[in-house]
Amino acid sequence: MKIGFIGTGIMGSYMVLNLLKNNFSVDVYNRNQEKAKKLEKFGAVCKSSIKECVKDKDFVITIVGYPKDVEEVYFNDGIIDNVNKNTIIIDMTTSDPKLSEKIYKLSKEKGINALDAPVTGGDTGAKNASLTIFVGGDIDVFEKSKPIFNALGKNIVYQGKEGFGQQAKLSNQIMIAGALAGACEGIYYAKSVGLDVKTVFNAVKEGSASSTQLLKNIPAILDNDFSAMFYAKHFLKDLKLANSFLPDKGFEVFKDVLKVFEELSKEGYGECGTQVYYKHLEK
């Protein structure tokens, strides 16, 4: 199978490597050509334009930063205008469900198959091919795409119609918001009352308060390491997307976390990891 892959940042680069390990032929494109060229020594072919990257491919995969970047690569002489009929295009960016619906509709009109398939698991999951993948679109197209997904993740779950992959990912991000806040606030509470926070962490990590957010972020906080495992700016993007679909009642914790990340972004912490939430507590 021939794949065109657009977006070779941290996540995308690891995903390309895993596709190559599974003997897929992969052409790559990135606006920053140096990021794409680094993959050539592993067998990828770097292309200088989207048009070249997606030409005559069985699959086209995208994982870029923001919904505006998704629009840029799909429309206006982008992917949809340059792939062959029956190509399967898979957007793995966490993006706007409405945009996924638009891509699906325009693709369908041209005989192209579109899936929205955002992921969770971070750079570690991308590196180890252990990502969770939320997939929306036609079930038969999902079935045809399983060899691709199996090369990238361990937990691949079909969520339903177009846009539902994105909605499931936003649900995931709402859950993370609460878990992240709880982990940071629990450790800050321990510090504020005079407990040894490392001792507290060693206790709670084996108990019912344990979570992925606690296990990943608290050790970094204890080491005063706020570098990005998952960028605060990208988490804020996800929270804003989820906020636009919220029901009328509830979600107070989520709204508080959104407000905190908006403040942190204004203060210049967007390039930090999501564990930077802790700095809000230290003010």
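Is valine 193 buried, exposed or partly exposed? Valine 193 is partly exposed, at a relative accessible area of 46%, where buried means under 20%, exposed means over 50%, and partly exposed is in between (1.4 Å probe, protein chains only). A quick word on the model: it is predicted, so local features need pLDDT of at least 70 and side-chain atom pairs count only at pLDDT 80 or more, while totals for chains, interfaces and linings use all residues. Residues are numbered from 1 along each chain as its sequence is written, and side-chain values use heavy atoms, leaving out hydrogens and water.

**Two annotated spans**

- UniProt, in an unreviewed entry, lists residues 2-160 as "domain: 6-phosphogluconate dehydrogenase NADP-binding"; such annotations may be inferred rather than shown by experiment, with feature names shortened and positions in the numbering used here.
- Residues 2-160 are 42% helix and 25% strand, and their end C-alpha atoms lie 26 Å apart; helices (H or I, at least four residues) and strands (E, at least two) are DSSP runs, numbered from the N terminus.
- For residues 163-268, the unreviewed UniProt entry gives "domain: 3-hydroxyisobutyrate dehydrogenase-like NAD-binding".
- That span, 163-268, comes out at 71% helix and 0% strand, with 32 Å between the end C-alpha atoms.

**Around valine 193**

- Valine 193 sits in the loop between helix H9 (164-192) and helix H10 (197-204).

**Around tyrosine 158**

- Tyrosine 158 belongs to strand S9 (residues 153-160) and is partly exposed, with a relative accessible area of 28%.
- Beyond its neighbours within four places in sequence, tyrosine 158 is in contact (heavy atoms within 4.5 Å) with Val135, Gly137, Asp138, Ile139 and Phe142.
- One of these, aspartate 138, is 20 residues away along the chain, and its C-alpha atom is 9.4 Å from that of tyrosine 158.
- The tyrosine 158 side chain also reaches the backbone oxygen of glycine 137 at 2.5 Å.

**Around lysine 57**

- Look for lysine 57 in the loop between helix H3 (50-54) and strand S4 (59-62).
- Lysine 57 counts as buried because its relative accessible area is 9%.
- Setting aside neighbours within four places in sequence, lysine 57 is in contact with Lys2, Ile3, Gly4, Asp27, Glu52 and Thr87.
- A polar atom of the lysine 57 side chain is 3.0 Å from the backbone oxygen of lysine 55.

Methods:
A polar contact is a pair of N or O atoms within 3.5 Å; within protein, one must be able to donate a hydrogen and the other to accept it, and residues adjacent in sequence count only if both atoms are side-chain atoms.
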